[in-house]
Amino acid sequence: MEHVLFSDGDAKKIEWVIQTTDSIIEQKREHPGIYLDKVSNQQSKYIALHVGLFWSIGTFIIKNQDTVKFVLDDKKMLEHLSGNKKSPDEFIEKRKFFIRQLIEQRKLKIQYELVTPDKTGL
């Protein structure tokens with residue numbers, strides 16, 4: 001099955017949307033105290049992508065070997081995730097590790113799309 005995953009975040013919250021052939025599911029969460037007002041917007045976007053992917057797998061929306069298109073509105077994030085470009089931010093590198101781990105464990109086929117912030121669907 002194919003899915004489109006939009007995600008976003010800021011210092012206070014994260015959100016994601018999973019779009020499949022038959023449904024669109026939106027989720028929003030406030031950051032827990034450990035992250036609330038302590039992470040940058042870019043760090044929060046990585047948290048949103050990680051949590052959104054993990055949540056989608058845990059609720060059986062995304063299954064092993066599915067195709068998932070990550071729709072991103074941050075060019076640096078696209079470069080970090082789609083290639084081997086390393087971020088100088090250790091927090092981001094850890095989130096990237098966990099995202100890649102989920103992708104490998106579930107044998108997901110990942111596609112990337114860069115959009116302008118007003119077209120993310122959030």
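Lys 96 is found in helix H3. This is a predicted model, in which local features need pLDDT of at least 70, side-chain atom pairs count only at pLDDT 80 or more, and totals for chains, interfaces and linings use all residues. Residues are numbered from 1 along each chain as its sequence is written, and side-chain values use heavy atoms, with hydrogens and water left out.

Is Lys 96 buried or exposed? Lys 96 counts as buried, because its relative accessibility is 4% (buried is under 20% relative accessible area, exposed over 50%, partly exposed in between, with a 1.4 Å probe and protein chains only). What does its side chain reach? The Lys 96 side chain comes to 3.4 Å from the backbone oxygen of His 80. Leaving aside residues up to four places away in sequence, Lys 96 touches His 80, Leu 81, Lys 85 and Lys 86 (contact means heavy atoms within 4.5 Å).

Now take H3 as a whole. Helix H3 covers residues 90-105, and helix H1 covers residues 41-58 (helices are DSSP runs of H or I with at least four residues, strands are E runs of at least two, and both are numbered from the N terminus). Two packed helices are described by the angle between their axes and the distance between the axes. The axes of H1 and H3 come within 9 Å and cross at roughly 20° (axes are lines fitted to C-alpha atoms, for helices over the stretch in contact, and angles run from 0 to 180 degrees between N-to-C directions). H1 and H3 are therefore roughly parallel to each other (under 35 degrees; over 145 is roughly antiparallel, 65 to 115 roughly perpendicular, the rest oblique). Their crossing is left-handed (the near helix is turned anticlockwise from the far one by less than a right angle; clockwise is right-handed).

Which residues meet here? From H1 come Gln 42, Gln 43, Tyr 46, Ile 47, Leu 49, His 50, Leu 53, Phe 54 and Ile 57. From H3 come Phe 91, Ile 92, Arg 95, Phe 98, Ile 99, Leu 102 and Ile 103. By class, this contact of H1 with H3 has twelve nonpolar, three polar and one charged residues (Ala, Val, Leu, Ile, Met, Phe, Trp, Tyr, Cys and Pro count as nonpolar, Asp, Glu, Lys and Arg as charged, the others, Gly among them, as polar).

Phe 54 of H1 is one of these contact residues. Phe 54 counts as exposed, at 54% relative accessibility. Phe 54 and Phe 91 lie 37 residues apart in sequence and 18 Å apart in space, C-alpha to C-alpha.

H1 also packs against helix H2, residues 75-82. The axes of H1 and H2 come within 11 Å and cross at roughly 50°. H1 and H2 are therefore oblique to each other. The crossing is right-handed. Gln 42, Lys 45, Tyr 46 and Leu 49 in H1 meet Lys 76, Met 77, His 80 and Leu 81 in H2. By class, the contact of H1 with H2 has four nonpolar, two polar and two charged residues.

Finally, the loops. Gly 33 sits between strand S3 (24-30) and H1. Gly 33 counts as exposed, at 52% relative accessibility. Gly 33 and Asn 64 are 31 residues apart in sequence and 32 Å apart in space, C-alpha to C-alpha.

Most residues other than glycine have a negative phi. Gln 65, not a glycine, has a positive phi of about 70°. Gln 65 lies in the loop between H1 and strand S4 (67-72), and is partly exposed at 48% relative accessible area. Lys 107 has a positive phi of about 55°, and is not a glycine either. Lys 107 lies in the loop between H3 and strand S5 (109-114), and counts as exposed at 55% relative accessibility.

Methods:
A polar contact is a pair of N or O atoms within 3.5 Å; within protein, one must be able to donate a hydrogen and the other to accept it, and residues adjacent in sequence count only if both atoms are side-chain atoms.
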